[in-house]
Amino acid sequence: MNLLKKTFFLTGIFFISFFITSTLVAQSPAFLIPPTEFKAFDTPNDAGETISLTWSASPNDSPDVFYVIYIDRDKNGAFEKEAIRIKSNTSYRTSAPEIYGYKKKNNDYHYVQIFPKKVFNGEKIDKKQVYYFKLAMVAGDTKIALDTAASASAHGNWLHTKKINNFVIMIILSTIILYFIVHARRNPDMFLRKIGGLDAVDEALGRATEMGKPVLFVHGLTGMGSISTIAATSILSRIARKIADYDANLKVVNNDPIVMSVSQEVVKESYLEAGRPDAYNSDNVFLVASEQFPYVAAVGGIMTREKPAANFFIGYFYAEALILAETGSTTGAIQIAGTDAYTQLPFFITTCDYTLIGEELYAASAYLSREPMLMGTLRAQDVGKGILIIILILGTILASFGLVFITHLFEAF
Amino acid sequence: MNFLKRTVPLVIAFVMGVLMAMQYYVPHKLSQDLLEVVSRWDRIIAGFAVFIGAYSLFHLHWTRIKRKVEGWGYSIFVYFGAIITLIFGFLNGGKFFWNDKQQGTMFDWLYYYVQVPAGATIFSILAFFIASAAYRTFRARTNESTVLLIAAVLVMLGRVPIGNYISQYIPAIADWIMAVPNLAAKRGILLGVSLGAIATSLKIIFGIERSYLGGGD
């Protein structure tokens, strides 16, 4: 019994001593190993509003230990303003591949960006102001600060060096496109593969003319800032021209007032060009609703009541795609859709007679007009696709052998 | 006239097109400010365009009511809804429209208890349309639609617990279909779309594609 008491007593003493020692050790500054290589520099490729800071990771990095960076405009200042406070196991160079790439040692260094203007909010600051930074490590009540201060000033850059890859690709593709445009002027008889959806336009318009029913052109939900809407207005122009020739009735529904204004002008000019300005009625190009589902309800109502002979769904569509196309399908209209919204393509393919998939939407204007210069761009697109396919195959082979530099070569920042 | 209708818009399209394309590569503050200014112009134009849109809407429905065309009764509801909304918008919960917008007014009530449920109702129809579209597509009439049917059944089963209950391989096959053939097709479409968008942009910037100005040439 006595031995048992002694054992309990000694065990108790051991645990209490261990707890006190570990607490003291944890709070002691002597056990916080300060980071090294603390550097400040102007953040590259920015508008000139941030300064980047980096330093080596410490063995003490943990969620309970913090890094605090103090900022001052004077080298000998008090460094009382806290610029940022982060957990010491966060914010590594890996979060900034645009600066440090994908090196393995990026995990050994911390990286943060400071917005001095936000820190000195409301204060008047000179554009060329040099800022000084001091780094401190904080764990509970213990704090150790590096003696040396790092300094830098923020400058705006005139070229985003990490976008040079993008710029080079753009120049190459643009050169190819412009070359084929010029080439097409000299060789107007260019072969174009058949696009079923566009060949069916004449059939759809002819049917509408014979039946004496209108043709309904439905714009997508995006505004004139969207390239697919611009492509849609180009197609509308070609369709309106043919409708004016056929003396059929065209109705264009819109959900954006600017798109509506452009569409009115486009249709009017097409009628004028066809020598039928009297047949143009601005009331046939109208705004039905600016919200998504009211737009669907209104267009669905028009389809059900007026039963158009042909429906064109051209542009960028969201969830309304299937509701519109299914409603049109029940009315028995010939339906031709064209969209670059790949999430909606399966719905259009399912419910429409013909669907222009992705790039065919952009090819439509050239295909319908048969203008040599426009057709040249189609050949250029094919050449561009050929180049991309070669790069993809090359990248796949290299990646299979563990060489991933080609992946980073085409990376966008 | 042709100068104002053709040349000026083409020059504006060229200058702004090149400027905004280059803006993407210049991170300097002046470049960011330019983008902000142009975006503000866009918002201002969009603000004015609302009046054109409202005029078009009311003019269309007034004509329908006047001519008593088929379904003209629905047009009365357009006016009814617009007038009610305008009245409660101007009243602004008794504080009137020249004060800041008040919360919990009849205007809010109309939005939350009329417009939102009406929109949700239309959206819910989508479920039925998906079913009918799926029925038409999945009828295995050709080899392609048979492949589509099998892939769709596997993906659907792989996404629900019963798929795993039938076989542990079904969720894995579903994941593979989504991650490999589906993603490959999606990326193929996206590459084509991107090239098409670049080509269209260049055609507009260099004035080769002019049909968006009205007319073909």
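In chain A, strand 3 and strand 4 (residues 81-87) run antiparallel and are joined by 6 bridges. Helices (H or I, at least four residues) and strands (E, at least two) are DSSP runs, numbered from the N terminus, and two strands pair if DSSP finds at least two bridges between them. Within strand 4 of chain A, Lys81(A) is the bridge partner of Ile71(A). The model is a predicted one, in which local features need pLDDT of at least 70 and side-chain atom pairs count only at pLDDT 80 or more, whereas totals for chains, interfaces and linings use all residues. Residues are numbered from 1 along each chain as its sequence is written, while chains are lettered from A and ligands numbered from 1 in the order in which they are written.

Strand 3 (residues 65-72) of chain A also pairs with strand 6 (residues 131-139) of chain A, in the antiparallel sense and over 8 bridges. Here Phe66(A) stands opposite Val138(A) of strand 6. In a regular strand the side chains alternate between the two faces of the sheet.

A further element of chain A is an open sheet of 3 strands in the order 1-2-5, with antiparallel pairing. Strand 1 (39-42) and strand 5 (109-114) of chain A are at its edges with a single partner strand each, so one side of each has no neighbour in the sheet. On average, neighbouring strands of this sheet are turned by 25° against each other, direction ignored; the axes are lines fitted to C-alpha atoms, for helices over the stretch in contact, and angles run from 0 to 180 degrees between N-to-C directions. In strand 2 of chain A, Ile51(A) is the bridge partner of Asp42(A).

| Strand pair | Bridges |
|---|---|
| Strand 3 and strand 6 of chain A | 8 bridges |
| Strand 3 and strand 4 of chain A | 6 bridges |
| Strand 1 and strand 2 of chain A | 4 bridges |

Turning to the helices, 10 of the 11 residues of helix 11 (residues 359-369) of chain A are buried, so this helix is largely enclosed by the rest of the structure. A residue is buried if 20 or more other C-beta atoms, placed from the backbone, lie within 10 Å of its own. The buried residues of helix 11 include Glu359(A), Tyr362(A) and Leu368(A). Their cover includes helix 12 (372-400) of chain A and helix 7 (169-205) of chain B, contact being defined by C-beta atoms, placed from the backbone, within 7 Å. Just after helix 11 of chain A, Arg370(A) takes a positive phi of about 60°.

In chain B, the 39 residues of helix 2 (residues 29-67) should span 57 Å at 1.5 Å a residue, and its end C-alpha atoms are 57 Å apart, which agrees; the expected span is 1.5 Å times one less than the number of residues. Among the buried residues of helix 2 of chain B are Gly53(B) and His61(B). The buried residues of this helix pack against elements including helix 7 (257-273) of chain A and helix 3 (72-91) of chain B. Just after helix 2 of chain B, Lys68(B) takes a positive phi of about 50°.

As a whole, chain A has 13 helices and 14 strands. Its radius of gyration is 33 Å, well over the 22 Å that the globule rule gives for 413 residues, so chain A is more spread out than a compact globule. That radius is taken over C-alpha atoms, and the rule is 2.2 Å times the number of residues to the power 0.38. The C-alpha trace of chain A spans about 110 × 65 × 55 Å along its principal axes. Chain A is divided into domain 1 (32-152) and domain 2 (190-370), with bounds from an automatic or database domain assignment. The C-alpha centres of these two domains lie 56 Å apart.

How values were computed
A residue is buried if 20 or more other C-beta atoms lie within 10 Å of its own, exposed if 12 or fewer, and partly exposed in between; C-beta atoms are placed from the backbone. Two residues are in contact if their C-beta atoms, placed from the backbone, lie within 7 Å.
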